[in-house]
Amino acid sequence: MIFRDIQIEAGIPQGSPMSPLLFMCYNAELLEIPKAYPGVKVQTWGFIDDIAFGVRGLSDEGNAWILQRMLEDTEDWRRRHGAKFETTKYLLNHFTRKRTATTATISIGNVVIAPSDNTRYLGVIFDKQLRFKTHLQQVMQRGSKFAHAIARIAKASWGARFCHLRQLYTSVVAARTDYGALVWHRPAKFGEKSPPAQAKSLATVQRTAMKAMLGCFRTTSTAALEIESALLPPHL
């Protein structure tokens, strides 16, 4: 057996199962930067090349100042590792339930990062008050679009079979509407008789898909549709 060296100038194999593991080793030091600030409540999230720093404080100016220093540390890491950051994609969001204006900005080189009301991270839209209303609206639009698409290929006399339509719903529509629910969904409190408003919105999308799959009357009750299609209510 003959071994020979293969020179790799940059990058990691795209689509390989090793890519996430290699990237965890590559940017591990980058994710440790917030820990260099003792006494400050910080958080770090990272998935491949999507990095987010969080700081919890009493004012937006103080949080922005700490984030500014963290980003300066990331610039040192970038120069040492020969990496390049797309500063035009940097986003800043001040999460607060207060009505006071939060206008503190961050500057990196010649780029000024102004705060925004909505920030998308890994497919989830975080609004300023963390109520996820904007994200839920997008989920409703996306789910309704695919539910009506199923209705176009499902007819009482022709079209795809029910088993295929149900599989299409669970693998495409439900997967897209439920994405990130662990973050944005508000479960019903103990003792509440009705599901929260978020679940009611998702129930509308599921009802549209169930009517298309079953070919029933428009006035059929939702409970009957759930029984016939063997689908759980969205709040479950």
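**Reading helix contacts**

Mentor: In helix 5, Phe162, Leu165, Arg166, Tyr169, Val173 and Thr177 meet Leu202, Val205, Gln206, Ala209, Met213 and Leu214 of helix 7; contact means heavy atoms within 4.5 Å. The model is predicted: local features need pLDDT of at least 70, side-chain atom pairs count only at pLDDT 80 or more, and totals for chains, interfaces and linings use all residues. Residues are numbered from 1 along each chain as its sequence is written, and side-chain values use heavy atoms, with hydrogens and water left out.

Trainee: At what angle do the axes of helix 5 and helix 7 cross?

Mentor: Two packed helices are described by the angle between their axes and the distance between the axes. Helix 5 (residues 162-177) and helix 7 (residues 197-214) have axes that cross at roughly 165° and come within 10 Å. Helices here are DSSP runs (H or I, at least four residues), and strands are too (E, at least two), numbered from the N terminus. Axes are lines fitted to C-alpha atoms, for helices over the stretch in contact, with angles from 0 to 180 degrees between N-to-C directions. Helix 5 and helix 7 are therefore roughly antiparallel (over 145 degrees; under 35 is roughly parallel, 65 to 115 roughly perpendicular, the rest oblique).

Trainee: How do helix 4 and helix 7 pack?

Mentor: Their axes are 8 Å apart, at an angle of about 5°, which makes helix 4 roughly parallel to helix 7. Residues of helix 4 in this contact include Leu136, Val139, Gly143, His148 and Ala151, and those of helix 7 include Ser201, Leu202, Val205, Ala209 and Met213. The contact of helix 4 with helix 7 divides into eleven nonpolar, seven polar and no charged residues.

Trainee: Is Ala151 buried, partly exposed or exposed?

Mentor: Ala151 lies in helix 4 (residues 133-152) and, at 24% relative accessibility, counts as partly exposed. Buried means under 20% relative accessible area, exposed over 50%, and partly exposed in between (1.4 Å probe, protein chains only). Lys35, in the loop between helix 2 (28-31) and strand 1 (41-47), is exposed at 64%.

Trainee: Where is confidence lowest in the chain?

Mentor: Confidence is lowest in helix 1 (residues 18-26), at a mean of 81, and highest in strand 6 (residues 124-127), at 92. The chain averages a pLDDT of 85, and 96% of the residues score at least 70; pLDDT is the predictor's confidence in each residue, from 0 to 100.

Conventions:
Ala, Val, Leu, Ile, Met, Phe, Trp, Tyr, Cys and Pro count as nonpolar, Asp, Glu, Lys and Arg as charged, and the others, Gly among them, as polar.
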